[in-house]
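The sequence and the coordinates are shown first, and the description follows.

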Amino acid sequence: MSVITTFFGEDTSSLAVVLFCILLSIRFVDFGYHITHSLISLAVVFAVLFISPVLNQIVSPIPGFFINFISLLILFFLTSSNPQMGNASLYSFSYIFLTGTSNAKDIYNLSNKGLLLVLCYILFAVIFFIKHKNKNENHSFMQEMIGEDFFSKRNLWLIYVALGVSMLFFIGEYSSLNRFMWVGFACSSLLSNYNTHDIKQRFYDRLIGVVLGSVLFSVVLQLTPPSATFILGPMGGLALGLCSSYRYKSLFNCFGALALASGIYGIHDAVIFRILNNLIGLIFGYVYYIISIKIFSLLKTKHAHN
């Protein structure tokens, strides 16, 4: 990532993070259908991640809602044939992060991001081809994602996640919260978990992790010499990579987020934003989940009677 920011500028750091995460994924996780279709899909994914976050900043909230919804549907349907592999979570994170950090007015930055995406697509396509060229040879995109029943459990779940995140973005357009993308991350962390039976546990794990992580970061920051505070973010990232528990991942994820935000807002306000925004995102996600479950139950009952 440091190589990318060196050659393409510091403003591409958020895109560098997203590309690194996608690279880690495509080395092991295929899209579930023929390699030719998959490479085309990868190009579409890169195009969506470049264009849609920019469009969001130049349109009003209602068109923005539809842009978000359609964009997320495209990302999910192209990449998430097997939801258990986590691609819905990865690409919802990527979309939220880029939407929260893009600057549509900086043409120079946009051109650098466009060039970076083109170059990385070529590299990623080669890696994807080498890793997955012999998989799903007789399975097309249409067969995998639509099949005999477009309204399958998986597809309904993908629509449910895309709609929930889009609704949250729409509400966010009318809020004045700083770091609103943290609200999006918290909400997405609940909705993009395919086995949603443990959503209550994920709610508590993330909330506890965020509170403890924010407090721990503020304590560590006070004990760290000013000349060494730059290592707190990477240290949190290293610890995050060693964690298997969602609660502790949420805890150490605070280090990278607060390391950046504390330099902008100060540690006191950054900690408040971190906890408050996560709580709002979690509450919205949980309420949306409960309402959705009731709606799906009613639809199933009505369909059974018919």
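In what kind of crossing does helix 3 pass helix 4? The crossing is left-handed. The model described here is a predicted one.

**Helix pairs**

Two packed helices are described by the angle between their axes and the distance between the axes. These values are listed below for two pairs.

| Helix pair | Angle between axes | Distance between axes |
|---|---|---|
| Helix 3 (residues 35–56) and helix 4 (residues 61–79) | about 160 degrees | 10 Å |
| Helix 11 (residues 232–241) and helix 12 (residues 246–265) | about 160 degrees | 8 Å |

Helix 3 and helix 4 pack at an angle of about 160 degrees, which makes helix 3 roughly antiparallel to helix 4 because an angle over 145 degrees counts as such. Helix 11 and helix 12 are likewise roughly antiparallel to each other, and their crossing is left-handed.

**Salt bridges**

The model contains 2 salt bridges. One of them joins the side chains of Lys135 and Asp30, with an N to O distance of 3.8 Å. Lys135 belongs to the loop between helix 6 and helix 7 (141–145), while Asp30 belongs to the loop between helix 2 (13–26) and helix 3, so this pair ties together parts that are 105 residues apart in sequence. Lys135 has a relative accessible area of 33% and is therefore partly exposed.

Arg247 forms a salt bridge with Asp205, and the closest N and O atoms of this pair are 2.8 Å apart. Arg247 lies in helix 12 and Asp205 in helix 10 (residues 199–223), so that distant parts of the chain, 42 residues apart, are linked. Arg247 is partly exposed, at 28% relative accessibility. Asp205 has a relative accessibility of 12% and counts as buried, because the limit for buried residues is under 20%.

**Covered and exposed regions**

Helix 9 (residues 181–191) is mostly covered, with 11 of its 11 residues buried. Among these buried residues are Met181, Trp182, Phe185, Cys187 and Leu191.

A nonpolar patch is found on the surface, formed by Leu115, Val118, Leu119, Ile122, Val126, Phe129 and Ile130. Together these residues have about 630 Å² of accessible area. Ile130, one member of the patch, is located in helix 6 (residues 107–132). Ile130 counts as exposed because its relative accessibility is 52%, and the cut-off for exposed residues is over 50%.

How values were computed. Residues numbered from 1 in each chain as written. Predicted model: local features only at pLDDT ≥ 70, side-chain atom pairs only at ≥ 80, totals over all residues. Heavy atoms only, no water. Patch = residues over 30% accessible without salt bridge, like charges linked within 9 Å, V, L, I, M, F, W, Y side chains within 5 Å. Areas by Shrake-Rupley, 256 points an atom, 1.4 Å probe, with all protein chains shown as cover. Salt bridge = Lys/Arg side-chain N within 4 Å of Asp/Glu carboxyl O. Helix = DSSP H or I, 4+ residues; strand = E, 2+ residues; numbered from the N terminus. Buried < 20%, exposed > 50% of the residue type's maximum accessible area, 1.4 Å probe, protein only. Axes fitted to C-alpha atoms, helices over the stretch in contact; angles between N-to-C directions. Parallel < 35°, antiparallel > 145°, perpendicular 65-115°, else oblique. Left-handed = near helix turned anticlockwise from the far one by under 90°.
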